[in-house]
There are 2 protein chains.
Amino acid sequence: MDIKQKIEEANKESVHRLISGLPVLVDIAPALEVIPGFKDKMIIHSGPPVEWNQMCGAQKGSTIGAVIFEGWAQTFDEAQAMLDKGDIRLEPNHHHQAVGPMAGTISPSMPVWVVENKAFGNRAYCRQVEPKQQFGDFSEDAIKGLQLWRDVWAPTLRQALLGMDGLELAPIITKALQMGDELHNRHTASSSLFANEMAKGMVAAELPKKETMMTLGYVTGHNLIFLGIAMAAGKAIADAAHGIEYSTIVTAMARNGTKFGIRLSGLGDEWFTAPAPVIDGVYLPGFAASDAGLDMGDSAISETVGWGGFVIGGAPGILSLVGGTPEEAIAYSREMKNITTTTHPVYRMPALGSIGTSMGIDIRKVVDTNITPIIDTAIAHKDPGFPIIGAGLVRAPLECFKSALIAFSKKYN
Amino acid sequence: MDIKQKIEEANKESVHRLISGLPVLVDIAPALEVIPGFKDKMIIHSGPPVEWNQMCGAQKGSTIGAVIFEGWAQTFDEAQAMLDKGDIRLEPNHHHQAVGPMAGTISPSMPVWVVENKAFGNRAYCRQVEPKQQFGDFSEDAIKGLQLWRDVWAPTLRQALLGMDGLELAPIITKALQMGDELHNRHTASSSLFANEMAKGMVAAELPKKETMMTLGYVTGHNLIFLGIAMAAGKAIADAAHGIEYSTIVTAMARNGTKFGIRLSGLGDEWFTAPAPVIDGVYLPGFAASDAGLDMGDSAISETVGWGGFVIGGAPGILSLVGGTPEEAIAYSREMKNITTTTHPVYRMPALGSIGTSMGIDIRKVVDTNITPIIDTAIAHKDPGFPIIGAGLVRAPLECFKSALIAFSKKYN
């Protein structure tokens with residue numbers, strides 16, 4: 001076989017694995033209990049590796065929030081002092097089979113969604129999605145949301161889930177794609193379907209009324225609750241397609257607010273990075289582009305497995321949030337066919353005549369066409385201390401794909 | 001004021017009322033208990049008035065099913081004999097502030113959705129939607145579904161609902177239109193959102209676990225459960241716009257499988273009918289166009305208030321059921337602007353750039369343009385004894401609108 005054939009074979013295997021992923025939510029448990037390599041006094045974060053003093057404002061704020069949440073410090077200054085001294089170990093989520101939204105900070109006592117890819121046996125983890133601390137807000141109110149998650153919502157959902165023998169996610173994902181979700185920033189349908197399933201689980205588990213009511217109120221009122229689950233599912237699906245020699249398929253796209261990084265199936269643990277791009281955004285009242293931080297979060301795992309911007313043509317409801325017209329959204333979804341390898345047989349877009357979602361970003365096609373993945377994403381403030389300020393569209397930087405291709409040529413040639 | 005001005009003023013009032021409708025689900029109770037003018041040994045049915053011996057096969061089968069369900073007869077032959085003798089009083093749903101899906105049969109002990117239009121104080125009623133008896137199936141299995149509704153599901157939902165002080169439907173309708181429902185044959189989103197609200201109500205009411213689990217299983221598994229509620233909401237909205245002198249706005253479209261009838265706001269209780277049309281359908285395995293009955297059901301109340309075919313452009317997920325392309329569906333929704341009076345300020349279609357839904361069918365515009373309302377609908381068998389056999393698209397017959405216009409000219413000169 002010549003190299004081209006080897007690449008074709010490898011990519012075939014990668015996309016076969018991407019398509020065959022069978023994500024099942026199996027647990028909701030404290031990070032320290034379940035995430036491989038997790039330690040006390042550790043916080044893991046979104047994107048490629050970054051030192052504390054290099055972090056962007058929002059990721060700093062979010063890290064400080066996590067330190068206060070864990071009770072390691074009581075104030076911003078105390079937390080900052082600990083981080084300055086290097087008392088807290090910081091590592092990327094992706095180095096721990098995990099992903100996190102926006103700043104993506106996960107600390108030891110934070111319950112995480114545990115998703116197993118039943119087709120391949122690997123697991124992945126993601127934290128709760130909320131509109132404050134993950135964006136850099138470390139206020140009392142932001143910490144309160146994490147506490148309720150840890151003390152009430154997550155344990156209640158966990159008890160329900162364990163009685164259900166897990167929850168298959170493919171049926172929810174399939175249905176949600178037919179209901180106007182793009183499974184990145186619009187999770188209205190998936191969250192509602194998830195709440196339907198958990199309501200049955202909670203009643204079946206005969207949990208105390210107060211906790212059940214609080215948790216039902218939380219899940220039925222949180223139209224992004226499924227985002228964390230979908231991200232863990234995306235990571236579990238992508239990880240199974242990783243590590244195929246000669247494969248030019250992208251298995252991670254992640255940003256930390258300073259750098260955008262990608263990983264390639266055939267190039268192991270290496271990150272190929274470029275400066276995090278500016279988002280073309282729509283802002284919440286009181287905020288403007290001049291307040292915005294750069295692109296941030298592991299949530300681009302959604303696009304890595306063919307959701308988010310790749311299926312935005314089927315999710316016109318999101319356009320009031322991120323901007324643009326239904327026709328432009330459909331054009332984005334069509335455009336992504338040019339840089340991907342196949343389409344999913346089950347995940348389909350009715351708005352595009354029920355064609356399958358585009359799967360398997362091939363760096364060769366990205367570099368050949370100059371078409372980069374389109375990502376729809378939320379926006380954090382450039383400074384620490386703020387909740388979400390907007391949302392918009394962004395392109396993965398071409399540079400990442402070019403450096404990956406150069407590294408690929410070096411390794412395999 | 002000349003007649004033209006009088007019509008404009010009247011239509012303005014009609015569509016104002018259509019737009020201002022505020023449907024709230026207030027009860028789920030046996031028909032005899034709540035529907036005005038209901039009597040024992042009475043069955044009310046869909047469409048304009050029709051005698052027993054003139055009924056189409058499916059409506060006959062459904063009526064026989066209702067007679068057996070009520071225990072008035074044990075077998076098909078016994079039930080038929082009673083109906084032949086005129087022992088059962090048959091009247092249209094629309095003469096009782098009610099609507100019913102397909103054959104639309106409502107019998108005394110059948111619990112119905114009770115929707116109050118809080119803006120105007122009027123109430124409307126609709127029966128449970130299921131895939132068998134309403135289509136003409138009178139088998140033991142079909143009757144069993146009605147019994148479970150009467151004995152378990154409806155009473156459990158009723159107890160939950162009464163503890164909730166009613167359920168506002170506008171927020172569910174608004175959201176569902178952004179989630180790919182057209183609120184006639186696709187109710188996937190509205191049903192899921194409804195199930196979440198009722199789950200909270202059931203837990204809050206501390207109902208027995210067994211009944212709660214059975215009912216939660218039913219509502220979360222029934223992706224058309226909201227259709228009956230939406231139909232009652234549509235009827236409650238349309239009735240408030242009825243009875244405005246000089247108004248040329250349509251306030252009912254209904255079919256009984258032999259005739260298609262419309263009512264006009266300015267023409268009182270009169271029906272303007274034409275033969276029920278043939279549906280352009282997609283059939284379930286084992287069935288074909290030659291098996292199909294003609295257009296049937298009060299469910300065109302959906303289109304009367306601007307849902308169903310009028311918003312199908314935002315519901316591409318339904319096309320696998322009724323046929324056609326996303327582009328055709330969008331064209332239908334755009335076309336309906338030509339025969340309507342205004343757009344709804346809150347009910348919007350993201351797939352069409354978030355324009356409001358078309359409201360207020362004006363018979364003058366229909367006759368002027370020769371464009372008739374597009375309806376997406378299920379298909380029943382031409383003979384009694386079958387469950388659902390397909391779904392498709394159909395146009396309201398132009399003839400109804402022409403005769404209404406002639407009658408209007410006669411009355412108002």
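A: We can begin with helix 9 of chain B, in which 16 of the 16 residues are buried, so it is largely enclosed by the rest of the structure. A residue counts as buried if 20 or more other C-beta atoms lie within 10 Å of its own, as exposed if 12 or fewer do, and as partly exposed in between, with C-beta atoms placed from the backbone. Helices (H or I, at least four residues) and strands (E, at least two) are DSSP runs, numbered from the N terminus. This is a predicted model, in which local features need pLDDT of at least 70 and side-chain atom pairs count only at pLDDT 80 or more, while totals for chains, interfaces and linings use all residues. Residues are numbered from 1 along each chain as its sequence is written, and chains are lettered from A and ligands numbered from 1 in the order in which they are written.

Q: What span is expected at 1.5 Å a residue for helix 9 of chain B, and what does it reach?

A: The expected span of a helix is 1.5 Å times one less than its number of residues. Helix 9 (residues 225-240) of chain B, with 16 residues, reaches 24 Å from its first C-alpha to its last, which is close to the expected 22 Å. For helix 5 (residues 140-164) of chain A, the 25 residues should span 36 Å, and the end C-alpha atoms are 34 Å apart, which agrees.

Q: Where is the kink in helix 5 of chain A centred?

A: The bend at a residue is the angle between axes fitted to the seven residues ending there and the seven starting there. In helix 5 of chain A there is a kink of about 45°, and it is centred on A:Trp149. A:Trp149 is also one of the buried residues of this helix, which include A:Gly145, A:Leu146 and A:Trp153.

Q: Which elements do the buried residues of helix 5 of chain A pack against?

A: An α-helix has 3.6 residues a turn, so residues three or four places apart point the same way. The packing partners here are read from contacts, where two residues are in contact if their C-beta atoms, placed from the backbone, lie within 7 Å. Among the elements of chain A that the buried residues of helix 5 pack against are strand 1 (23-30), helix 3 (57-69) and helix 7 (188-204). In strand 1 of chain A we find A:Asp27, which has contacts with A:Val34, A:Val114, A:Arg158 and A:Leu161 once neighbours within four places in sequence are left aside. A:Asp27 is partly exposed, with 18 other C-beta atoms within 10 Å.

Q: What is the phi of A:Gln97, and where is this residue found?

A: Most residues other than glycine have a negative phi, and most peptide bonds are trans. The phi of A:Gln97 is positive, near 55°, and this residue lies in the loop between strand 3 (89-92) and strand 4 (98-99) of chain A. It counts as buried, with 20 C-beta neighbours inside 10 Å. In chain B, B:Tyr246 has a positive phi near 80°, lies in the loop between helix 9 and strand 8 (250-256), and counts as buried with 21 C-beta neighbours inside 10 Å.

Q: How many helices and strands are there in chain A, and how many of its residues are buried, as a percentage?

A: Chain A has 14 helices and 16 strands, and buried residues make up 59% of its 413 residues. The radius of gyration is taken over C-alpha atoms, and the globule rule is 2.2 Å times the number of residues to the power 0.38. For 413 residues a compact globule would have a radius near 22 Å, and chain A has 20 Å, which agrees.

Q: How many residues of chain B are in contact with chain A?

A: In this pair of chains, 30 residues of chain B are in contact with 30 residues of chain A. The largest share of the side of chain B that touches chain A, 10 residues, comes from helix 7 of chain B.

Q: Which residues have the most contacts inside the largest nonpolar core?

A: A nonpolar core is a set of buried Ala, Val, Leu, Ile, Met, Phe, Trp, Tyr and Cys residues joined through C-beta atoms within 7 Å. The largest has 266 residues, and those with the most contacts inside it are A:Ala232 and B:Ala232. Leaving aside neighbours within four places in sequence, B:Ala232 is in contact with residues including B:Val99, B:Trp113 and B:Tyr125.
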